[in-house]
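Me: Please take a close look at one part of this structure for me, and spell out the cut-offs as you go.

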Amino acid sequence: MKFERYGIGIARGMMVTFKHLFRHPTVSQYPEQRLNMSRRTRGNELIWNNVKCTGCVTCAKSCPQGAIHIETTVDPATNKYNVLKIEVDTGYCIQCGLCVEACPYEAIYMGYSVERAKYRRGELVQANEMLLASPDRPASGYMNPHIARELPRQTLLVEKIVEKR
Ligand code: SF4
Ligand code: SF4
């Protein structure tokens with residue numbers, strides 16, 4: 001007959017519990033604590049450079065979702081396009097990055113934000129000045145390695161834990 005010591009299983013279970021009590025946390029306390037995302041991330045927003053943009057509309061034509069709408073007019077003095085309106089419906093955008101890849105003038109970039117929940121559908125549409133870069137809206141380095149080099153390194157969970165030690 002096999003001899004069994006009662007309570008051994010409970011003691012082992014308690015040892016595992018105590019061991020986990022003294023481990024470093026393995027999750028960040030979002031949203032107060034945030035890890036850096038990949039430098040080449042494709043967030044749910046676009047960043048537009050109004051100086052570089054020529055109004056060629058290539059980005060709008062390449063969008064499989066029809067999420068970009070551009071209105072232009074021809075400047076008779078220079079015979080060049082002026083962009084009257086550029087509108088991106090981020091509700092339709094699938095963050096594929098094709099518009100960024102297609103732009104021949106590096107005038108449109110993927111953004112970083114993934115927090116785009118809104119109460120109203122219309123608030124998902126961004127136009128003109130709303131699309132410009134700002135400290136709160138940095139351009140991602142997707143398709144643009146020279147931008148990626150300037151961005152902070154991605155923070156992985158393991159690195160975050162090592163930082164705390
Ligand atoms: S990322 Fe893709 S879906 Fe979004 S606007 Fe650009 S081409 Fe369209
Ligand atoms: S493809 Fe580039 S240059 Fe052409 S309209 Fe779009 S953002 Fe402007």
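**Around the ligands**

Reply: Ligand 1 sits in the second largest cavity (more than half of its atoms lie within 2 Å of the grid points; a cavity is a set of points on a 1 Å grid over the protein atoms alone where a 1.4 Å probe fits but cannot get out). Bear in mind that this is a predicted model, where local features need pLDDT of at least 70, side-chain atom pairs count only at pLDDT 80 or more, and totals for chains, interfaces and linings use all residues. Residues are numbered from 1 along each chain as written, chains are lettered from A and ligands numbered from 1 in written order, and side-chain values use heavy atoms, without hydrogens and water.

Around ligand 1 you will find four cysteines by name, Cys 63, Cys 93, Cys 96 and Cys 99, along with Leu 46, Pro 64, Ile 68 and Ile 94. Gln 65, Gln 95 and Gly 97 complete this shell (a heavy atom within 4 Å). By class, the shell of ligand 1 holds 8 nonpolar and 3 polar residues, and no charged ones (Ala, Val, Leu, Ile, Met, Phe, Trp, Tyr, Cys and Pro count as nonpolar; Asp, Glu, Lys and Arg as charged; the others, Gly among them, as polar).

Now turn to ligand 2, which sits in the largest cavity. There are 13 residues around ligand 2, and those that come nearest are Cys 53, Cys 56, Val 57, Cys 59 and Cys 103. The shell of ligand 2 divides into 10 nonpolar and 3 polar residues, again with no charged residues.

Note on methods: 1 Å grid on protein atoms, 1.4 Å probe; cavity = no way out; pocket = protein on both sides within 12 Å on 5 of 7 lines; lining within 4 Å.
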